[in-house]
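Colleague: Please put the model up, and I will ask about it point by point.

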Amino acid sequence: MNVLIIGAGAVGLCLAAKLSRVCNVFAVTREKNAKIIRESGFKMTGIWGNGIFKFGASEEVPKIDFDYIIIASKGISTESICKQFKDDIKNKNVVSIQNGVGNEEIISKYTDKVIGGTIITGFEWKGNAEVHVSVEGGPMTVGRYPDGTDEEVIDFVKLIKSSGIPITESKNIQGAIWSKTIYNCALNPLGAIMNVNYGKLSNNHSLNIIENIVSEIFEITSKKGVILPWKTPKEYLKYLTEFQLPNTAAHHSSMLQDILKGKMTEIDFLNGAVVSNGKKLGVKTPYNEFITEQVKFLEFLKSETKSSE
């Protein structure tokens with residue numbers, strides 16, 4: 001089986017490493033990473049295993065008939081990636097394993113075979129072509145978008161399982177995507193703003209902020225008719241504090257990693273998307289709006305500092 005991973009950063013390269021043992025996988029990534037991977041391999045450490053992994057990598061897509069194409073980029077790059085590789089993804093099964101809401105809708109403009117996905121795992125860069133997999137908050141989840149499943153989804157699940165990555169399929173992938181988005185909106189920006197790992201966010205003061213962020217999202221998903229695993233914000237917060245936070249306590253958010261490097265974050269596909277959905281649905285989202293503006297302010301400050309260096 002042939003698998004292409006486009007926009008392969010820390011997540012995509014680790015996925016390529018695992019898949020390299022069970023199929024023919026190729027990663028489209030920055031040349032600084034691709035060159036190292038071609039010459040000496042990709043180094044992965046942590047809970048997904050330690051080792052040096054060899055697989056195809058460059059900034060261009062090879063002339064191969066791929067069975068599945070995985071988009072692993074940040075949401076801010078989804079549209080540009082789809083435009084750049086529109087001929088490669090047309091009529092192909094394209095799997096999104098990106099953060100936030102709205103990515104699948106963008107991909108749907110370029111192919112009618114979209115598989116939505118979530119992955120609640122912590123990936124941290126340690127250097128070019130070197131990533132540490134730190135924590136896991138649950139299995140990867142995929143399903144045909146906008147809902148249902150089929151043989152192609154089932155085959156993809158079998159492939160991922162064979163690589164050793166925990167995965168489940170879901171007929172309610174929109175519910176799974178919003179479930180992951182709640183987790184990300186609750187922890188990712190707050191961890192970035194305060195420059196702390198997730199474990200520090202179990203403090204009562206931060207949990208009060210998280211509770212309000214989550215409550216606003218539940219009001220939106222209710223109006224959208226999205227079915228979540230939890231009936232109330234209180235139920236989710238219990239799951240967050242008893243399972244997700246303890247299992248991802250050591251992780252530093254991807255948003256924090258972006259800000260420290262002077263990169264743009266995914267805030268518009270997370271809390272920013274909550275705000276835009278709220279405006280459409282007539283739901284007030286003051287906590288999500290405030291946290292969005294805080295992150296955008298941090299982006300501005302970091303870019304200002306970077307430009308003056």
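Colleague: In which hand does α8 pass α11?

Modeller: This is a predicted model, where local features need pLDDT of at least 70, side-chain atom pairs count only at pLDDT 80 or more, and totals for chains, interfaces and linings use all residues. Residues are numbered from 1 along each chain as its sequence is written, and side-chain values use heavy atoms, with hydrogens and water left out. A crossing is left-handed if the near helix is turned anticlockwise from the far one by less than a right angle, and right-handed if clockwise. The crossing of α8 past α11 is left-handed.

Colleague: At roughly what angle do the axes of α8 and α11 cross?

Modeller: Helices here are DSSP runs of H or I with at least four residues, strands are runs of E with at least two, and both are numbered from the N terminus. Axes are lines fitted to C-alpha atoms, for helices over the stretch in contact, and angles run from 0 to 180 degrees between N-to-C directions. For α8 (residues 204-224) and α11 (residues 271-281), the axes come within 10 Å and cross at roughly 50°.

Colleague: Which class does that put α8 in relative to α11?

Modeller: Under 35 degrees counts as roughly parallel, over 145 as roughly antiparallel, 65 to 115 as roughly perpendicular and the rest as oblique. The crossing is at roughly 50°, which makes α8 to α11 oblique.

Colleague: With which side chain does the side chain of N288 make a polar contact?

Modeller: N288 belongs to helix α12 (residues 286-308) and is buried, at a relative accessible area of 0%; buried means under 20%, exposed over 50% and partly exposed in between, with a 1.4 Å probe and protein chains only. A polar contact is a pair of N or O atoms within 3.5 Å; within protein, one must be able to donate a hydrogen and the other to accept it, and residues adjacent in sequence count only if both atoms are side-chain atoms. At 2.9 Å, the partner is the side chain of N271.

Colleague: How many of the 10 residues of α1 are buried?

Modeller: The buried residues of α1 include A10, G12 and K18. Helix α1 (residues 10-19) is largely enclosed by the rest of the structure, because the number buried is nine.

Colleague: What are the edge strands of the open sheet of eight strands?

Modeller: Two strands pair if DSSP finds at least two bridges between them. The order is β5-β2-β1-β6-β7-β8-β11-β12, with mixed pairing. Pairing on one side only are β5 (56-58) and β12 (167-169).
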